[in-house]
Amino acid sequence: MAVLKIARMGHPALMGRAEPVADPTAPEIGRLIDDMIETMYDAPGIGLAAPQVHVPLRVLVYYVPEGRLAGGEPLRALINPKITVLDAETESGSEGCLSLPGMAGWVARPRSVRVEALDRGGKSFSYDAHGYHARVVQHEYDHLDGILYPMRMGDLSRFGYVEEMTKEL
Ligand code: NI
């Protein structure tokens, strides 16, 4: 396994539409997923999409730590994911991204989505995600279409360096 280099906002690798994986069972896809998981934990972060490590494929990994959501969500690797909005009502919350180190912004997203994807065995699986879980999976999915969270922000006055935003006047 290897820790991969993460592209930062502005890098063309983050801007394109990633291609579907032709064979989810190919050994190089398994290696890519293992390396992405190692890179995510090393960063540290809670999610990572293949374009962030300069690979233009529709693959993402994430988990939700217990501190962010009761019970948390286990580590998942999604190949060729699809997202369907279950509840279009949006919820606003703070997001960060390993491609924008040290920064955070306030983003409104649908609060419930259904996720369908393939696992490393090529088997399809699906589940529903709500609240913060729905936010994380939508954020990672956006990377596959070249979308970074500031592009989803309505109010850029709520975008900045975490270190500055937590200061008091
Ligand atoms: Ni991100």
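Is C97 buried or exposed? At 11% relative accessibility, C97 is buried (buried means under 20% relative accessible area, exposed over 50%, and partly exposed in between, with a 1.4 Å probe and protein chains only). The model is predicted: local features need pLDDT of at least 70, side-chain atom pairs count only at pLDDT 80 or more, and totals for chains, interfaces and linings use all residues. Residues are numbered from 1 along each chain as its sequence is written, and side-chain values use heavy atoms, with hydrogens and water left out.

The protein chain contains three helices and six strands. Helices (H or I, at least four residues) and strands (E, at least two) are DSSP runs, numbered from the N terminus. Along the sequence the elements run α-β-β-β-β-β-α-β-α. The radius of gyration is 15 Å, close to the 15 Å that the globule rule gives for 169 residues, so the protein chain is as compact as a globular protein of that length. This radius is taken over C-alpha atoms, and the rule is 2.2 Å times the number of residues to the power 0.38. Along the principal axes, the C-alpha atoms fill a box of roughly 55 × 35 × 30 Å.

Buried residues account for 43% of the 169 residues. Of the contacts between residues at least 6 apart in sequence, 66% join residues at least 24 apart (contact means heavy atoms within 4.5 Å). The accessible surface comes to about 8,900 Å², and 52% of it belongs to carbon and sulfur atoms. Accessible areas come from the Shrake-Rupley method with a 1.4 Å probe; for residues, only the protein chains shown count as cover.

A nickel ion is coordinated by C97 (SG), H139 (NE2) and H143 (NE2), at 2.1 to 2.2 Å. Donors are N, O and S atoms within 2.8 Å of the metal (3.2 Å for Na, K and Ca); water is not among the atoms, so sites may look incomplete. The donor residues are spaced C-x41-H-x3-H in sequence. C97 and H143 link distant parts of the chain, 46 residues apart. C97 sits in the loop between β3 (73-95) and β4 (103-118), whereas H143 belongs to helix α2 (residues 131-144). H143 is buried, with a relative accessible area of 1%. H139 also has its place in helix α2. At 7% relative accessibility, H139 counts as buried. Beyond residues up to four places away in sequence, H139 touches E95, G96, C97, R109 and Y149.

Backbone geometry was examined next. Most residues other than glycine have a negative phi, and most peptide bonds are trans. A43 and P44 are joined by a cis peptide bond, with omega about -5 degrees. P44 lies in the loop between α1 (27-42) and β1 (47-49). H54, a residue other than glycine, has a positive phi near 65 degrees. H54 is found in the loop between β1 and β2 (59-64) and is partly exposed, with a relative accessible area of 34%. N80 is not a glycine either, yet its phi is positive at about 50 degrees. N80 is placed in strand β3. The relative accessible area of N80 is 19%, and the residue is buried.

S124 and N80 are 44 residues apart in sequence and 9.7 Å apart in space, C-alpha to C-alpha. S124 lies in strand β5 (residues 124-130). S124 is exposed, with a relative accessible area of 53%. Leaving aside neighbours within four places in sequence, S124 contacts A117 and L118.
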